Amino acid sequence: MKSVHHPRLCLTLVTALTLTGCLDDGGGSNDDDTRTGAVNVHGFSGVSYRTASRTGHTDAQGQYQYYPGETVSFRVGDLTLAEDVPAKEFVTPLEFFEDTRQKLDNPGTDDEGLRTHTLTEQALLSDNALINLTRLLLALNWEENLKETDGIELRERVISQLNAALPDLTAPIDFSVSEAEFAHTGSESEPTPSPANQLLAAICFYPEDDELCDAPPTQSEIDALPPRPENEDDRDPDVEYQEDLENKRDSILEARRSLDDFDREAAEDYLTRELNAITTTYGNRYYLNNETASYSPSDTGIKSVDVRRVGRDARLAQIEAISTRQQDVVVHSFDWQSATVDYFVAGASGGESEIVISFRPDNTYRWIRKSLRVLIR
């Protein structure tokens, strides 16, 4: 049965995203029905995962294996990131937490009157635990500056140091605390850094034999050395002076990372990038059977445009559509089961409109946009 929709006048046109997708619909499957999922699009490597049937580590593309209906848990070494997340083609940090995961199923409505998941995603980026977790993961990435097309790489060298440091932290890492408490670097009133910053201070991101991975000299070790003579001629090249050891300590400490280097803006930018890439991946799987249609003013019969899926049936869960100029073209009805939108011409010669179709594919909370240009000649 078709549902009738009364369109409203819209002021903007919608264009489709153009990035390329990376996984097949549903994550692909093997002969035994094993599916391949991924944490984000650009990869999240080195994370250990566990489902009811599988254990392993995500590969360079952030991929993991699962069976339909399973949940998946993620860890970085001995540090738990998420537990019992529904396993599927794409999992993002927004789905690591039950509260944000449930809210993703509630789309917002944009200025054109169409439902969209992106408003919900952006609103959830303010979630405290999500930002804390993302900042720490960015700080654990092997390269300090994450490039636009790179994923997070968690190397074994980092994970082994993380595991060694966890038992010595003053408290367990708690993503639910306030952002200020999570990122605390120490102060006169509270000199002890947060557990997350204690963890980062214990990890060296240089080769194991690099001098920057040494323990920083203590003040007593520095005080035990002679001060450097002011007269350069009086300095012995074979003697280590206090200033030399101070410089070494400063270099080692500056090489250590803290959450101050990975702020909220960096976390939001990273999450937004990955969320948009997933939406683009889904969008590139679908197309309309026509991109442009042309009719005479007298041809007022009901016309149809179909949403199609590359290589298979569209299989939609919901659909809706509007006309950007309903005085010229009117949306009559739309039906998610047939993935069809019906419309008719109502304007004079020279008129035109865009029919903007928003639909949600099965097995995802994401809404996709496609547009049909209708000309009246």
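Student: How many of the 20 residues of helix 9 are buried?

Tutor: Helices here are DSSP runs of H or I with at least four residues, strands are runs of E with at least two, and both are numbered from the N terminus. Buried means under 20% relative accessible area, exposed means over 50%, and partly exposed lies in between (1.4 Å probe, protein chains only). Helix 9 is largely enclosed by the rest of the structure, because its buried residues number 14.

Student: From what number are the residues along each chain counted?

Tutor: This is a predicted model, in which local features need pLDDT of at least 70, side-chain atom pairs count only at pLDDT 80 or more, and totals for chains, interfaces and linings use all residues. Side-chain values use heavy atoms, with hydrogens and water left out, and the residues of each chain, as its sequence is written, are numbered from 1.

Student: How many Å does helix 9 reach from its first C-alpha to its last?

Tutor: The expected span of a helix is 1.5 Å times one less than its number of residues. For the 20 residues of helix 9 the expected value is 28 Å, and the model comes close to it, with a reach of 28 Å.

Student: At what angle do helix 3 and helix 9 pack?

Tutor: Two packed helices are described by the angle between their axes and the distance between the axes. Axes are lines fitted to C-alpha atoms, for helices over the stretch in contact, and angles run from 0 to 180 degrees between N-to-C directions. Helix 3 (residues 128-140) and helix 9 (residues 264-283) have axes 9 Å apart, and their angle is about 90°.

Student: Which residues of helix 3 make the contact with helix 9?

Tutor: Contact means heavy atoms within 4.5 Å. Helix 9 contributes Arg264, Ala266, Ala267, Glu268, Tyr270 and Leu271. From helix 3 come Leu130, Ile131, Thr134, Arg135 and Leu138.

Student: Within what arc do the buried residues of helix 8 fall?

Tutor: Helix 8 (residues 242-255) buries Gln242, Leu245, Arg249, Ile252 and Ala255, and what covers them includes helix 7 (219-223). The arc is that of the directions from the helix axis to the C-beta atoms. Seen down the axis, the buried residues line one face of helix 8, because they fall within an arc of 160°.

Student: Which residues of helix 4 are exposed on the other side from its buried ones?

Tutor: The buried residues of helix 4 (residues 156-165) are Val158, Ile159, Gln161, Leu162 and Ala165. They cover an arc of only 165° around the axis, which puts them on the same side of helix 4. These buried residues pack against strand 7, strand 8 (79-86), helix 3 and helix 6 (195-201). Exposed on the other side are Glu156 and Ala164.

Student: Is Thr92 buried or exposed?

Tutor: Thr92 is in the loop between strand 9 (90-91) and helix 1 (98-103). Not counting residues up to four places away in sequence, it touches Asn40, Leu275, Ile278 and Arg366. Because its relative accessibility is 1%, Thr92 counts as buried.

Student: What value is phi of Ala339 near?

Tutor: Most residues other than glycine have a negative phi, and most peptide bonds are trans. Ala339, in the loop between strand 17 (329-335) and strand 18 (340-345), has a positive phi, near 55°.
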